[in-house]
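This report examines the surroundings of selected residues. The sequence and the structure are shown below.

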Amino acid sequence: MTTKLTSTLYFIGAIIIAFTALVITYITTANYGNRMEQEIQAVYDNRTNVLSQYTLKLQEAAQIPEMYKADFKEVVSAALQGRYGSDGSQATVQWIKESNLHFDSSMYRHLQTLIESGRNEYQREETRLIDVVRVYKTNLGYVWTGFWLTRAGYPKIDLSKYKPISSVDAQH
């Protein structure tokens, strides 16, 4: 009788351990899903912040009059988004010239430097966003992690919203 009791206790202990392991796995994976979705949103929001700061720097450097600021921001955004092809930043400088904003050649060089550094910083943020989304999608695709993330209701965000801005030219 003691052998049967001992076997039963071992069996119950094994079930408790297995159940505890599954609960811990679920909680850990759900926490991971939440952390990744928060990071994706933060990187996405920071990308907007980088664009805003970049636009402000260019406005200040070019001493853009108040009446031109909205148009200037639109041109800078379009240039960053690559709508003018690989020479998108030239459209910004062209707009400044066409708007009769006068400045000397040192101002032009300074603006070119700001444009290049702003585009580089924006590209880094785009790359970071791509990487964070890739890591999350990879984990969603794993058998074990993906199973638990799905059971926890992930993904809870629309991942198609978190992709880089690119021009039609860059996609061909």
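## T29

In this predicted model, T29 counts as buried because its relative accessible area is 9%, and the cut-off for that class is under 20%. The residue belongs to helix α1, which spans residues 2-62.

The side chain of T29 places a polar atom 2.8 Å from the backbone oxygen of T25. Once neighbours within four places in sequence are set aside, T29 is in contact with T145, W148 and L149.

## A30

A30 is also located in helix α1. Its relative accessibility is 14%, so A30 is classed as buried.

When residues up to four places away in sequence are not counted, A30 touches A152 and Y154. For the pair A30 and Y154, the sequence separation is 124 residues, while the C-alpha to C-alpha distance is 7.9 Å.

## L159

L159 is found in the loop that connects α5 (143-151) with α6 (168-171).

With neighbours within four places in sequence left aside, the contacts of L159 are I40, Y136, K137 and L140.

T29 in helix α1 has contacts with T145, W148 and L149 beyond its sequence neighbours, and A30 in helix α1 has contacts with A152 and Y154. L159, in the loop between α5 and α6, has I40 among its contacts.

Methods
Residues are numbered from 1 along each chain as its sequence is written. This is a predicted model: local features need pLDDT of at least 70, side-chain atom pairs count only at pLDDT 80 or more; totals for chains, interfaces and linings use all residues. Side-chain values use heavy atoms; hydrogens and water are left out. Helices (H or I, at least four residues) and strands (E, at least two) are DSSP runs, numbered from the N terminus. Buried means under 20% relative accessible area, exposed over 50%, partly exposed in between (1.4 Å probe, protein chains only). A polar contact is a pair of N or O atoms within 3.5 Å; within protein, one must be able to donate a hydrogen and the other to accept it, and residues adjacent in sequence count only if both atoms are side-chain atoms. Contact means heavy atoms within 4.5 Å.
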